[in-house]
Amino acid sequence: MLIAGCGINTIPTKDEKAKAAWAEVQNQYQRRADLIPNLVETVKGYAAQEREVLTQVTEARASATQVKVDASTITDPAQFEKYAQAQDQLSGVLGRLMMIQERYPDLKSNQNFLALQSQLEGTENRIAIARRDYNAAVQDYNTEIRTFPGALWAGTVHRWAKPMQTFAASAAAQSAPSVNFGGSAPAAPPVNMAPATPAPANAQ
């Protein structure tokens with residue numbers, strides 16, 4: 001009871017909480033990836049000539065899903081950056097795909113497209129929430145291993161404890177694709193091809 005009361009279990013507890021939050025981020029990104037093939041096929045049926053954007057979305061999805069991630073990714077800055085970059089690139093081209101519907105009235109009224117659009121927007125919101133919760137859990141964990149008495153346990157009993165990475169607060173990456181139901185089609189959002197540099201490990 002004395003050992004348990006002095007905080008020896010705090011680091012493993014916060015570590016598990018952060019890993020659970022990370023798993024939820026992956027779950028929501030996977031949900032988005034699962035929706036995209038049906039969305040691409042639906043758009044293709046009405047706007048096959050938009051081949052370039054359709055190809056970009058397909059390739060970006062393939063790139064994002066090919067990045068191998070596990071629990072160790074969140075303590076590996078290079079792997080975490082690679083994962084975040086691939087997901088941000090997919091967000092960019094996906095936004096361009098959603099803009100296509102402005103030029104095709106039949107597509108805008110297609111029930112399958114509208115259903116997929118709604119699911120995708122809901123998923124984008126879930127991704128933003130999952131990333132926020134993950135960042136909060138990581139900040140709590142990182143603070144614990146860097147402050148007393150957590151730092152004492154991290155340097156002795158829990159030598160495995162390493163700072164975790166957080167998602168950078170990128171407005172373009174974390175907002176759902178903008179869909180305009182007005183008359184003129186807005187300009188497509190730029191595709192973020194630059195590496196997404198993770199925020200400092202103790203950032204929110």
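Okay, ground rules. What you see is a predicted model, where local features need pLDDT of at least 70 and side-chain atom pairs count only at pLDDT 80 or more, while totals for chains, interfaces and linings use all residues. Residues are numbered from 1 along each chain as its sequence is written, and side-chain values use heavy atoms, with hydrogens and water left out.

Let's start inside. The largest nonpolar core has 47 residues. By that I mean buried Ala, Val, Leu, Ile, Met, Phe, Trp, Tyr and Cys joined through side-chain atoms within 4.5 Å, with buried being under 20% relative accessible area, using a 1.4 Å probe and protein chains only. Helices H2, H3, H4, H6 and H7 each give two or more residues to this core, and H2 gives the most, with 11. Helices here are DSSP runs of H or I, at least four residues, numbered from the N terminus.

Which residues have the most contacts inside that core? They are Leu 97, Tyr 134 and Phe 167. Leaving out residues up to four places away in sequence, Leu 97 touches Leu 39, Val 40, Val 43, Val 53, Leu 54 and Val 57, a contact being heavy atoms within 4.5 Å.

Now Tyr 134, since it shows up again in the rings. There are eight aromatic pairs in the structure. Rings of Phe, Tyr and Trp (its six-membered ring) pair if their centres lie within 6.5 Å; planes under 30 degrees apart are stacked, over 60 edge-to-face, and the rest tilted. Trp 22 and Tyr 134 have ring centres 5.6 Å apart and planes at 50 degrees, so that pair is tilted. Trp 22 is in H2 and Tyr 134 in H6, so the pair ties together parts 112 residues apart in sequence. Phe 80 and Tyr 134 have centres 6.3 Å apart and planes at 15 degrees, so they're stacked. Phe 80 sits in H4, so this pair ties together parts 54 residues apart in sequence. Phe 80 is buried, at 0% relative accessibility, and Tyr 134 is buried at 0% too. Ring pairs link Trp 22, Tyr 29, Phe 80, Tyr 83, Tyr 134 and Phe 167 into a cluster.

Last stop: the second largest pocket. Its lining includes Tyr 29 and Tyr 83, and H2 gives the most to that lining, with four residues. How many lining residues are charged? None: there are seven nonpolar and four polar.

Conventions
Buried < 20%, exposed > 50% of the residue type's maximum accessible area, 1.4 Å probe, protein only. 1 Å grid on protein atoms, 1.4 Å probe; cavity = no way out; pocket = protein on both sides within 12 Å on 5 of 7 lines; lining within 4 Å. Nonpolar A, V, L, I, M, F, W, Y, C, P; charged D, E, K, R; others polar.
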